[in-house]
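I opened my notebook for a look at some secondary structure. Here is what I looked up, entry by entry.

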Amino acid sequence: MTPHTNPSPLLRVVSADEVSRERRAPVDPETLGAAGGIVESVRVDGIDAVRRYAEQFGERGTDQALVLGRAEMDAAAGSLDPDDLGVLERTAARIESFAKAQLDAIGEIDVPVPGGRAGHTVEPVQSAGCYAPAGRYPLPSSVLMTAVTARVAGCDRVIVASPGADPVMLAAASVAGADAFLAVGGAHSIAALAYGIDGLDPVDAIVGPGNRWVTAAKQLVSGVVGIDMLAGPSELLIIADETADARLVAADLLAQAEHDDDARACLVTTSDALRHKVERKLQDQLERLPTAATARVALRNGFACLVPDIDAAIRVSDRIAPEHLEIMVADAPGVAQRVRHAGAVFIGSGTPEALGDYGAGPNHTLPTGGTARFRAGLSVASLLRLRTWLRIDERQQAGGLMHDTRRLASMEGLAAHEASIRLRV
């Protein structure tokens, strides 16, 4: 009889001390260098360069337009299965509702200063480029997440960019109210948005997720246009205790792992029994998962970490600052309030991260690689500027302010600054 051997664990087991506070670069130097050549080619040669790359990568033929308008987007929406179109419309409405609530929370201010008033106004960027991937699969959710948010922010012009012209992507752009659709992807798409090409004026800000070529190009043009963030491979960390359902934990880890080979799915738990149950459920569910080949590879990037208590679990999570954080413990709301660093938090076993991916309301474009320690996810705030203003009406009442300003100018050796104040006193 052949002795039974346990398969190697899908999630490597690590201690809390082995979990480092990583700062993973969103893109490797080789890709950054190669993308630089593409971006510069588009900057110099414009639409001719974009068309060369579009043909090279099989995105558009020589006789196909690179920029499509409302007519093409609306036609795609009209040809979509009514049930699918309804899903897009309902999802857009939920994203819009949440974004409007965010916008309402960002107000103008007007406060007194010596001799006058000061404040800020809230101004949207005028034009936004919204990138949405469509590599292995079209991702209409990313079209809605970016373009709907830009519309709510108040952008006058919203351009969706995505490789090819997949009908569901065009339909999503129609539902989101986009003005035009750039049917190319990758670094050349980002460069076209930043510098403009024939038939497409440059945008003021570029938002949305993408592969390493898109991320590299966003980094390269970030001094020319605004960007939301440099997002690397997607991440999920689950904090779970003995009350968690191992079946749900495993399902959510696999939902993360199936994104791509570089995705990262991690478990931090206070229960070794749960860890073993999750490992068995992962093995079982992979047997029936159509995307198992990708998920198996991605699971190698993650880990399972056993900690003595919830306090230790929170410390591990904050050290990582994950893009997505699921909390499956007895007091999930209480733990969520104590977490300091995460891109988005999903509270309780009834809240899978997949709901965030597909439009419950909050945006799914989130900081990765530990950058949640200092950056938030995409929101209307990403496309707004707080423009300050100052007005002095009573110079005598501003005497103290004028005096301090003159003195500071003198301390810094800026004589013209000092003179411009002295002439008003």
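I count two strands as paired if DSSP finds at least two bridges between them; helices (H or I, at least four residues) and strands (E, at least two) are DSSP runs, numbered from the N terminus. I am working with a predicted model, where local features need pLDDT of at least 70, side-chain atom pairs count only at pLDDT 80 or more, and totals for chains, interfaces and linings use all residues. Residues are numbered from 1 along each chain as its sequence is written, and side-chain values use heavy atoms, with hydrogens and water left out.

**Entry: the sheet.** I began with Ile-109, which stands opposite His-120 in strand 4. Strand 3 and strand 4 (residues 116-124) pair in the antiparallel sense over five bridges. Both belong to an open sheet of three strands, ordered 3-4-15 with antiparallel pairing. Strand 3 (109-113) and strand 15 (384-392) are at the edges with a single partner strand each, so one side of each has no neighbour in the sheet.

**Entry: the helix pair.** How do helix 15 and helix 16 cross? The axes (lines fitted to C-alpha atoms over the stretch in contact, with angles from 0 to 180 degrees between N-to-C directions) of helix 15 (residues 399-411) and helix 16 (residues 415-422) come within 8 Å and cross at roughly 160°. Helix 15 and helix 16 are therefore roughly antiparallel, a term for angles over 145 degrees.

I then listed the contacts (heavy atoms within 4.5 Å): Met-402, Thr-405, Arg-406 and Ala-409 in helix 15 meet His-417, Glu-418, Ile-421 and Arg-422 in helix 16.

Note on methods. Parallel < 35°, antiparallel > 145°, perpendicular 65-115°, else oblique.
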